Amino acid sequence: MKLLVTGGAGFIGANFILYWFRKYPQDKIVNLDCLTYAGNLANLEKVKNNSNYSFIKGNICDRKTVDKVMKGIDIVVHFAAESHVDKSILEPTIFVKTNVLGTQVLLDSAFKNKVKHFHHVSTDEVFGSLKLDSQDKFTEKSPYQPNSPYAASKASSDMLVRAFYKTYGLKVTVTNTSNNYGPYQFPEKLISLAITNILEGKKVPLYGNGLQVRDWLYVIDHCRAIDLVLKKGKPGEYYLIGGLTEGISNIEVVKKILKKLNQDENLIEFVKDRPGHDIRYTIDWSKAKQELGYQPEYNFDTYLEKTVNWYKENKSWWKKIKSGEYQNYYNKWYKKNLGMK
Ligand code: NAD
Ligand code: TDX
């Protein structure tokens, strides 16, 4: 089997490549990634010399490159995207280019090259926000109501994937997953940012009152879910994938991390809220459980412990990232926009 993984140098894509080679060492993987600020080949040190692995530096919006790479591919697993909500508030254009146009170029090429299965990795953010005081959960039937430019661009890409199934009969599947966390996550997202800031003795910025709720999915559970969809998923179907957190707020997540690192709550700094901030995401993943046998392996505390330990043991990985360009972004977003001290 030959897989094309797009965005394989990013957080989830890299974890997926490492997972796949652990489980299916005989398969071949081509990783197409243009290495934006979030792409990091250090995530793939363990496989870089594997003769079944190849890396192509290229942009998914570039038709020529995509057509060339697509030859002989059986399965596409499409991760490549601009993935950070806050960045989409600052600069939405690149989100539309990569997430919408890039997905269309890939779909077009996959269809022309008779790819057997195109799996699109998407997000629960396409459904907008749930009320904090309700018991509602997102399901595969929830209406699309994206609130950030990032979410709107992912919603558009999901619609294109659907259209390629309905119009051309390309075999597609989609996973809409909750917030991922784990090793190799760029330290711009809440958990990776909180752990690394605390390890540096810096404050953790919490938006608004910190009571917003996310569902947290360990990245390896996500990789296992994609594996299941590739094996058992039905063409044209969407699967919601989540973890085992029950309504945990951002402030509770950060307090747990502070406790694991023996630090007190003075390291929390409340800053201005993110514009258009979704208040709550909760996922009903019963369809994936019933149809695919999906189930997260461990609870949140076990995985959070594992994640904190990984960042403690891999300081050189994230310290390199947190210098340079990252500091410009941090100052612009947190200090200038959100009034962080
Ligand atoms: P990431 O930002 O860590 O990595 C994205 C990767 O895509 C990087 O390696 C980057 O270089 C590459 N890339 C970006 N633009 C590209 C382009 N034009 N051409 C080629 N490569 C390009 O993202 P992630 O957190 O690993 O997310 C992967 C996918 O999962 C995304 O589609 C995202 O929307 C989705 N997702 C993420 C989460 C999450 O919590 N991180 C949750 C649900 C869904
Ligand atoms: O510094 C912060 N302070 C803070 O309070 C950051 C970075 C975040 N937050 C809050 C905002 C959210 O309520 O924490 C929550 C999580 O924020 P992010 O880590 O930015 O994730 P989110 O906006 O929920 O989106 C994530 O999940 C869905 C990923 O970034 C997306 O790629 C994915 O699709």
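One of the oxygen atoms of ligand 2 lies 2.8 Å from a polar backbone atom of Ser-83, a polar contact (a pair of N or O atoms within 3.5 Å). This is a predicted model, where local features need pLDDT of at least 70 and side-chain atom pairs count only at pLDDT 80 or more, while totals for chains, interfaces and linings use all residues. Residues are numbered from 1 along each chain as written, ligands from 1 in the order written, and side-chain values use heavy atoms, with hydrogens and water left out.

**More on ligand 2 contacts**
- An oxygen atom of ligand 2 sits 2.7 Å from a side-chain N or O atom of Arg-214.
- On its own, ligand 2 exposes 650 Å², and the protein buries 95% of that (Shrake-Rupley areas, 1.4 Å probe).

**The shell around ligand 2**
- There are 22 residues around ligand 2 (a heavy atom within 4 Å), and Glu-125, Tyr-150, Arg-214, Arg-274 and Tyr-334 come nearest.
- The shell splits into 9 nonpolar, 7 polar and 6 charged residues.
- Strand 8 gives the most, with 3 residues (strands are DSSP E runs of at least two residues).

**A nonpolar patch**
- Leu-132, Leu-211 and Ile-279 make a nonpolar surface patch with about 230 Å² of accessible area together (residues over 30% relative accessible area and without a salt bridge, nonpolar side chains joined within 5 Å); a salt bridge puts a Lys or Arg side-chain nitrogen within 4 Å of an Asp or Glu carboxyl oxygen.
- Leu-211 is in the loop between strand 8 and strand 9 (216-218).
- Leu-211 is partly exposed, at 40% relative accessible area (partly exposed lies between under 20% for buried and over 50% for exposed).

Key:
A polar contact is a pair of N or O atoms within 3.5 Å; within protein, one must be able to donate a hydrogen and the other to accept it, and residues adjacent in sequence count only if both atoms are side-chain atoms. Helices (H or I, at least four residues) and strands (E, at least two) are DSSP runs, numbered from the N terminus. Ala, Val, Leu, Ile, Met, Phe, Trp, Tyr, Cys and Pro count as nonpolar, Asp, Glu, Lys and Arg as charged, and the others, Gly among them, as polar. Patches are made of residues with over 30% relative accessible area and no salt bridge: like charges are joined within 9 Å, nonpolar side chains (Val, Leu, Ile, Met, Phe, Trp, Tyr) within 5 Å. Buried means under 20% relative accessible area, exposed over 50%, partly exposed in between (1.4 Å probe, protein chains only).
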